[in-house]
Amino acid sequence: MSDPIGLFGGTFDPIHRAHLRLAQAFRDELGLAEIRLIPAGLPYHRGSGPQASPAQRLEMVRLALQGESGLCVDAREVARPRPAYTIETLEEVRAELGPTAELWFLIGGDSLAQLHTWHRWHELFDCANMAVALRPGFSLDQLPAPVREEWCARQVTDFSKRTPSGTIRPLALTPVEMSATAIRQRLAQGQDVSAELCPAVLAYIRQHGLYRKRQD
């Protein structure tokens, strides 16, 4: 079996330090050789699109990952001319890695509660394992019945038994309260966000005038 790989998708509009902390925990807690961050090109599930362009968000991820061991960027969804479904991305990566490679993808607890609305969601487990970053106070009662059934059936209890796909494992990380929406608002107001963004990302945002307050 080849080295285990993790996938971490998102709009990353912009990528911030909580994203990096989550990726590092994903890598370390599961003992993964590599985490691929995948910026969404045209997210199908959002009412309004990202403020930065796909190319700009891709470049910000590249800048944020400089010097980060085991973290890299995957541009496949940005390269697609249409909205990308998670199942299609997982199928592509699975085909590239082969059937025996251990593959994980990371989602948050909010996404877990909506998993049953995802395109071909049952097939996700045919391609990969799922890691879930849960917020404090998580309860199974919060999950819709179909998702709760999968959670109970696929929960990993013996971490010494590693499989290419099909299992679910929660991450023990306590999430940092940091949101890209709040960061964009603060940038628009000219406030300091140096604690939330990597210096190279902040420099790129300033260089390209991203997230400025729109003039009427």
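Modeller: Happy to! The second largest pocket has a volume of about 160 Å³, and please keep in mind that this is a predicted model. Its lining is made up of L187, G190, Q191, D192, V193, L202, I205, R206, G209, L210 and R212. Helix α9 supplies the largest share of that lining, with three residues. By class, the lining of this pocket holds five nonpolar, three polar and three charged residues.

E196 sits in the loop that links α8 (180-188) to α9 (199-208). Is E196 buried or exposed? With a relative accessible area of 13%, E196 falls under the 20% limit and so counts as buried. Apart from neighbours within four places in sequence, the contacts of E196 are H16, R17, M178, I183 and R186. One of these, R17, belongs to helix α1, which spans residues 17-30.

Helix α1 leads us to the sheet. This helix lies across β1 (5-10), β2, β3, β4 (103-108), β5 (129-133) and β6, and runs at about 125° to β6. The sheet is open and has six strands in the order β3-β2-β1-β4-β5-β6, paired in parallel. At its edges stand β3 (71-73) and β6 (168-171); each has a single partner strand, so one side of each is left without a neighbour in the sheet. From one strand to the next, the twist averages 30°.

Five bridges tie β4 to β5 in a parallel arrangement, with G108 standing opposite A133 in β5. On its β6 side, β5 is joined to that strand by four bridges, again parallel, and V132 has P170 in β6 as its bridge partner. How much of β5 is covered? Five of its five residues are buried. N129, A131 and A133 are buried on one side of the strand, and M130 and V132 are buried on the other, so both faces are covered.

A172 lies in the loop between β6 and α8, and its relative accessibility of 67% is over the 50% limit, so A172 counts as exposed. In sequence, A172 is 39 residues from A133, while in space their C-alpha atoms are 7.3 Å apart.

Searching the whole structure turns up one cavity of 30 Å³ or more, and the largest cavity has a volume of about 90 Å³. Its lining consists of L30, E102, W104, N129, V156, F159, K161, R162, T163, T167 and R169. N129 in that lining is also one of the buried residues of β5. Sorted by class, the lining of the largest cavity has four nonpolar, three polar and four charged residues.

Methods
Residues are numbered from 1 along each chain as its sequence is written. This is a predicted model: local features need pLDDT of at least 70, side-chain atom pairs count only at pLDDT 80 or more; totals for chains, interfaces and linings use all residues. Side-chain values use heavy atoms; hydrogens and water are left out. Two strands pair if DSSP finds at least two bridges between them. Helices (H or I, at least four residues) and strands (E, at least two) are DSSP runs, numbered from the N terminus. Axes are lines fitted to C-alpha atoms, for helices over the stretch in contact, and angles run from 0 to 180 degrees between N-to-C directions. Contact means heavy atoms within 4.5 Å. Buried means under 20% relative accessible area, exposed over 50%, partly exposed in between (1.4 Å probe, protein chains only). On a 1 Å grid over the protein atoms alone, a cavity is a set of points where a 1.4 Å probe fits but cannot get out, and a pocket is an open set with protein on both sides within 12 Å along at least five of seven lines; lining residues have an atom within 4 Å of a point. Grid points are joined across faces, edges and corners, and a volume is the space filled by probe spheres set on the points. Ala, Val, Leu, Ile, Met, Phe, Trp, Tyr, Cys and Pro count as nonpolar, Asp, Glu, Lys and Arg as charged, and the others, Gly among them, as polar.
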